[in-house]
Amino acid sequence: MADSGSPRKRDEEEEEDDIVCLDPSFFVDRSYEMTTFTFGSHELRLLCLRAASTDYDLTGQLVWPGAVLMNNYLSEHPENVKGCSVIELGSGIGITGILCSRFCKRVVLTDHNDEVLEIIKKNIELQSYSENAHAVLTAEKLEWGNSDHISSIIEKHPGGFDVVLGADICFQQSSISCLFDSVERIIRTQTGNCRFILAYVSRAKVMDGLVLKEAEKHGMCVREVDGTRTTISNLEGVIFDISLK
């Protein structure tokens, strides 16, 4: 009878048999649905997911509560972005930046994830059939803290931006410092009074303090916009107006 090998060798062979190789696309859900969103008198039709992807890095494929908070605020107070050049960080499906296209002259939507940028570009393309979009809409890759990405955007838009937007983008502690690094650099390229409007949703006390601490560390003043503190999806949300001191 032939020797089937030592126990160790058989274990190694079994381990090799158990190896499962999955292509990254396995985690990508592209079952987008055309969905209608209404903010005040503005109606948007966009592609998005109904539920979160299995990949934590693809949270931008659906609409988060803070984006609803931001869009309600901007639809009620369009003067905050009217006629402005705007850049949005962590744009997700683009719902906030695309609403801004109704009021602004130029909007740059950004995200660090290629799959999310794919859906942003599809939703931008949909706006070419809308009579309500007035701004020039573009999408750019931006990983917070990535100097090359920021430099590329600044080079393409040498006039800078009047407003930086962020909707529900503060949910990972390790990213907050990089977020404010990017915001500060973008603001300082503008010769005028560029500001950062942040729709913040509180999910943890430690994050609440960290956001304020990082803003202070980067020489910024945080002002809570009166009347914006509210409950959305059972969470507390608020609009912050942030500028350099």
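## Close-up views of the predicted chain

Ser233 is exposed, with a relative accessible area of 51%. The cut-off for exposed is over 50%, so Ser233 falls on the exposed side at 51%. The model shown here, and in the other views, is predicted. Ser233 sits in the loop between strand E9 (230–232) and strand E10 (235–244). Its backbone deserves a look: phi is positive, about 55 degrees, although Ser233 is not a glycine.

**The whole chain, for orientation.** The protein chain has 245 residues, of which 48% count as buried. Its secondary structure comprises seven helices and 10 strands. Take contacts between residues at least 6 apart in sequence: 69% of them join residues at least 24 apart. The chain exposes about 12800 Å². Carbon and sulfur atoms supply 49% of that area.

**Asp168, a buried loop residue with positive phi.** Asp168 lies in the loop between strand E6 (163–167) and H6. Its phi is near 60 degrees, a positive value in a residue other than glycine. Is Asp168 buried or exposed? Asp168 is buried, and its relative accessible area is 4%. Buried means under 20%, so a value of 4% places Asp168 in that class.

Val201 belongs to strand E7 (residues 195–202). Val201 is buried, at a relative accessible area of 1%. Which residues touch Val201, once neighbours within four places in sequence are set aside? They are Pro65, Gly66, Asp168, Leu235, Glu236 and Gly237. The C-alpha atoms of Val201 and Asp168 are separated by 5.9 Å, and the two residues are 33 residues apart along the chain.

The axes of helix H5 (residues 147–156) and helix H6 (residues 176–189) come within 11 Å. They cross at roughly 25 degrees. Angles under 35 degrees count as roughly parallel, so H5 is roughly parallel to H6. H5 passes H6 in a right-handed crossing. From H5, the contact uses Ser147, Ile150, Ser151 and Ile154. From H6, it uses Ser182, Arg185 and Thr189. By class, the residues of this contact of H5 with H6 are two nonpolar, four polar and one charged.

What is the handedness of the crossing of H6 and H7? The crossing is right-handed. H6 contributes Ile176, Ser177 and Phe180 to the contact. H7 contributes Met207, Leu210, Val211, Glu214 and Ala215. The residues of the contact of H6 with H7 divide into six nonpolar, one polar and one charged.

**Ser91, buried in a loop.** Ser91 is placed in the loop between E3 and helix H3 (95–100). Ser91 counts as buried, with 5% relative accessibility. What does Ser91 touch, not counting residues up to four places away in sequence? The list is Leu109, Thr110, Asp111 and Ile120.

Lys82 is located in the loop between helix H2 (65–76) and strand E3 (85–89). It is exposed, with a relative accessible area of 64%. Lys82 and Arg102 are 20 residues apart along the chain, and their C-alpha atoms are separated by 8.5 Å.

**Gln127, buried in helix H4.** Gln127 is part of helix H4 (residues 114–127). Gln127 is buried, with a relative accessible area of 9%. How far apart in space are Gln127 and Leu137, C-alpha to C-alpha? The distance is 8.8 Å, for two residues 10 residues apart in sequence.

Methods. Residues numbered from 1 in each chain as written. Predicted model: local features only at pLDDT ≥ 70, side-chain atom pairs only at ≥ 80, totals over all residues. Heavy atoms only, no water. Axes fitted to C-alpha atoms, helices over the stretch in contact; angles between N-to-C directions. Helix = DSSP H or I, 4+ residues; strand = E, 2+ residues; numbered from the N terminus. Parallel < 35°, antiparallel > 145°, perpendicular 65-115°, else oblique. Left-handed = near helix turned anticlockwise from the far one by under 90°. Contact = heavy atoms within 4.5 Å. Nonpolar A, V, L, I, M, F, W, Y, C, P; charged D, E, K, R; others polar. Buried < 20%, exposed > 50% of the residue type's maximum accessible area, 1.4 Å probe, protein only. Areas by Shrake-Rupley, 256 points an atom, 1.4 Å probe, with all protein chains shown as cover.
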